[in-house]
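Visitor: I am new to this entry. Please show me how to read it, one feature at a time.

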Amino acid sequence: MFVELNNLLNTTPDRAEQGKLTLLCDAKTDGSFLVHHFLSFYLKANCKVCFVALFQSFSHYNIVGQKLGVNLTVARERGQLVFLEGLKSSVDVFFQTQEEPHPLQFLREANAGNLKPLFEFVREALKPVDSGEARWTYPVLLVDDLSVLLSLGMGAVAVLDFIHYCRATVCWELKGNMVILVHDSGDVEDEENDILLNGVSHQSHLILRAEGLATGFCRDVHGQLRILWRRPSQPTAQRDQSLTYQYKIQDKSVSFFAKGMSPAVL
Amino acid sequence: MAAVATCGSGAGTTGSAVATASKSNVTSFQRRGPRASGTNDSGPRLVSIAGTRPSVRNGQLLVSTGLPALDQLLGGGLAIGTVLLIEEDKYNIYSPLLFKCFLAEGIVNGHTLLVASAKEDPANILQELPAPLLDDNSKKEFDEDVYNHKTPESNIKMKIAWRYQLLPKMEIGPVSSRFGHYYDASKRIPQELIEASNWHGFFLPEKISSTLKVEPCSLTPGYIKLLQFIQNIIYEERFDGSNPQKKQRNVLRIGIQNLGSPLWGDDICCAENGSNSHSLTKFLYVLRGLLRTSLSACIITMPTHLIQNKAIIARITNLSDTVIGLESFIGSERETNPLYKDYHGLIHIRQIPRLNNLICDESDVKDLAFKLKRKLFTIEFWQAEVQKGVSRATFLLDGPRKKLFPCLFQLLEVACIPWLMASSSIFKASNIGLSPSYVTNSGFFSASRFHF
C-alpha cells in the first residue's frame with residue numbers, strides 16, 4: 001500500500017470504512033497500481049479478500065505485492081485470500097468440460113449468458129465461516145478488471161447485474177467493501193463500456209480516476225489522479241468532494257504531488 | 001495431478017520462477033529462473049535456455065524479437081509468456097518482415113517454431129525467412145564446432161580429469177549464442193538451418209476441412225482449431241513444464257499471421273457489428289492464458305486498419321501485452337514530403353506491459369521511423385529536419401523581408417508537421433538523468449540511430 005495515497009484518502013488499514021464500493025478507473029494510462037495498493041491495504045487490514053484477477057497471473061500480483069509488503073502465497077495458504085486466476089482458469093474451462101459449474105463457465109457458451117456462477121463463487125468465498133472465532137475483520141471483493149468480461153462476450157447489463165448482486169451481498173449483507181477496476185475507453189466509442197462505467201460510478205462511494213496527462217507522455221509525471229467522494233460519511237461535509245493530484249510511480253511506491261508541483265520541475 | 005498441484009502456485013509466472021512457492025518461507029530474494037517451474041526441485045534453478053536472457057529490471061526472461069533495435073525499445077526484448085501484437089501497415093509490406101525476423105531468430109537460436117497462417121503455407125513462409133548476418137566471430141565459432149565434430153582430434157588423453165573424457169563431445173547447439181541478430185532481407189535463410197529446426201505449421205485450409213467435434217461457443221471454428229493445435233503442441237512437447245525430467249528446456253515461438261482477417265472466418269474486418277464480435281477477443285484471452293503457463297512467446301500480426309469497430313481495437317490492445325503499430329508512407333501524402341524522404345514509415349509503440357512490476361521500461365523516444373534499405377531494416381529516431389541549418393528562432397527574428405513568405409512557409413512546414421504527427425512529448429521538459437539502459441541520449445534534436 002502506498003502511504004501517501006492513504007494520507008490523501010484519509011484512511012489507514014486500522015480504521016477503514018466498511019460497506020463501501022470503490023471504483024478505480026483509468027483513461028489513457030494504466031491504473032493497475034491502484035489495484036496493487038488496495039490489495040495490500042486490505043490484506044494488511046486483516047480482511048478476508050476475494051480477488052477475481054482476470055487480467056494478470058497470480059505471480060504478477062505476488063511479486064508486486066512482495067514489493068509492497070504482503071505475501072500473497074502465504075495469505076492464500078492461510079485462507080485470508082481467495083484468488084481466482086482468470087487466465088489459468090480460462091484455459092481449463094475452454095479445453096476441458098467441467099463437471100460442476102465453473103465461475104468462468106460463460107467462456108464455453110455461445111450466447112451471452114449471465115455471471116451467476118461467478119457470483120456463486122464470490123459468495124462462497126466470502127461467506128463467514130462459523131468457526132466461532134472471528135479471524136478476519138470484514139470481507140472484501142476485488143475485481144481486476146471488469147472490462148475484460150465485456151471482451152469475453154458478456155453484455156454490459158449482465159455485468160451490472162453481477163455487480164449489483166455482489167454489492168447486495170458483500171457491502172450490505174456482510175458489511176464488507178468492494179473495489180472494482182474498469183477501463184475508460186475515452187474517445188473510442190465503446191458503448192457497452194460506457195454503460196458499464198456509468199452504471200458502476202453511480203453506485204460507488206469513492207471513485208479514483210487515473211488519467212494520462214492531456215499533454216502526452218512525460219517522464220517525471222506519469223499521470224493524474226482524481227479522487228471523488230460521492231457519499232461522504234459525515235452529513236456536515238460537502239457533497240461530492242473532489243481532489244486532483246499528479247503522481248509518479250517508482251519501483252516500490254507512488255509519490256503524489258499537487259498539479260504542476262512535480263519535484264523535477266521545481 | 002501432482003504436476004498441476006506444484007504448478008498451481010508456480011505456474012503462471014511470467015518469466016521468473018516463484019519456485020518453492022508450494023513450500024513456505026518464500027522470500028523476495030529469489031534467484032530468477034525460467035517460468036513454468038512445475039518441478040519437484042528443492043530450490044530455484046537458474047536454467048539458461050539458448051537465446052534468452054533475464055531482464056535487467058525485474059529478472060523477467062526475455063527473447064529477442066529478431067530486431068535488436070526493437071528489443072531495446074521494448075526494454076530488452078519480448079518477455080516469455082506474452083503476446084506481441086503488430087498492427088499491420090496498410091498494404092502489408094513491412095509487417096511480414098518483422099514477422100519473419102521473429103521466426104528467423106527462433107531458428108537461429110534453436111527454438112521450436114509454430115507458424116499459423118490462413119493465407120500462406122507455413123512451409124513457404126519458412127522458405128522466405130531472411131538470412132542471418134553472422135559476424136566473423138560467431139561464424140568462426142560455428143565453423144569450429146563443425147570442425148571439432150567432424151575430426152575428433154581432441155582425443156588427447158586427459159590425465160587428471162579423465163572422467164570428463166567419457167562425456168560426449170560438445171554437440172552443435174544453436175548457430176549462435178548471441179541475443180539478437182541482424183538479418184539480411186535480400187537473402188534467404190540457408191536450407192540446412194530450416195531442416196535442422198523443429199517447427200510446426202498450421203495452415204487453416206488444411207485443418208478446417210476435418211470435422212469439428214467441439215461444442216459451439218462463440219469462437220469461429222478457425223480460432224478454436226488454432227487454440228487446440230497450440231495447446232496440443234505445448235502439452236506434447238512439454239513447454240508447460242509438466243515433465244520435470246526434461247533436461248534441456250526450450251522456448252516455443254508462435255507466429256500467427258493476419259489474425260482477424262476474413263480468411264480466418266472472422267468478420268470484424270467486414271462488418272461493424274458482426275455476428276461474433278467477441279470471437280477475436282476471446283481468442284486473445286485464452287491464448288494469453290496458454291502463454292502464461294508455458295515457455296512460449298507469440299507474435300501476431302493483425303490488420304487493424306480494416307477493423308470497422310474502433311472499440312474492438314481498443315479491447316484488443318488492452319488484451320495484448322505489447323502492441324506496436326506500423327504506418328507506412330506508401331500511398332499517403334507523406335511519401336513525397338521532403339521531411340520524410342529518408343524513411344519508409346513510422347513505428348508507434350502503443351503499449352508495453354508492466355509485468356511483475358509497477359512500472360515498465362518505456363522509451364522516452366516516441367517519434368520513431370523505420371526504413372528498409374536494400375538489405376537492412378533500420379529504426380531511427382525521427383526528427384524534423386531544419387532547412388538549411390538555420391534554427392527556427394532565427395527565422396522569426398532575422399528573416400529578411402523579401403524571403404519572409406517562403407521562410408514562413410518552410411517554418412510552418414517544419415513546425416506543423418511534427419505538431420500533427422509527433423506526440424506532444426516535444427513540448428515536455430527534456431529528460432533529466434537518463435538511465436543507462438537506453439542506447440542513445442534523448443533530446444529532441446539529437447540524431448540517434450537504432451541499428452538493426
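Visitor: Is Cys269(B) buried or exposed?

Guide: First, the ground rules. This is a predicted model: local features need pLDDT of at least 70, side-chain atom pairs count only at pLDDT 80 or more, and totals for chains, interfaces and linings use all residues. Residues are numbered from 1 along each chain as its sequence is written, chains are lettered from A and ligands numbered from 1 in the order in which they are written, and side-chain values use heavy atoms, leaving out hydrogens and water.

Guide: Now the term. Buried means under 20% relative accessible area, exposed over 50%, and partly exposed in between (1.4 Å probe, protein chains only). Cys269(B) has 9% relative accessibility, so it counts as buried.

Visitor: What about Cys218(A)?

Guide: Its closest cysteine sulfur lies in Cys360(B), at 14 Å, which is also too far for a bond. Cys218(A) counts as buried, at 10% relative accessibility.

Visitor: In what order do the strands of the open sheet in chain B run?

Guide: Strands of a sheet pair through backbone hydrogen bonds, either parallel or antiparallel. Helices (H or I, at least four residues) and strands (E, at least two) are DSSP runs, numbered from the N terminus. Two strands pair if DSSP finds at least two bridges between them. Here three strands of chain B form an open sheet in the order E1-E2-E3, with antiparallel pairing. Strands E1 (52-54) and E3 (78-79) of chain B are at the edges with a single partner strand each, so one side of each has no neighbour in the sheet. E2 (residues 61-63) and E3 of chain B share two bridges. Val63(B) stands opposite Leu78(B) of E3(B).

Visitor: How many residues of H10(B) are buried?

Guide: 14 of the 14, so H10(B) is largely enclosed by the rest of the structure. Helix H10 of chain B covers residues 279-292.

Visitor: Where is Arg231(A)?

Guide: In chain A, in the loop between strand E7 (223-229) and strand E8 (242-249). Arg231(A) is partly exposed, at 42% relative accessible area. Contact means heavy atoms within 4.5 Å. Leaving aside residues up to four places away in sequence, Arg231(A) touches His202(A), Gln203(A) and His205(A).

Methods:
Expected span 1.5 Å × (residues − 1). Disulfide = S-S within 2.5 Å.
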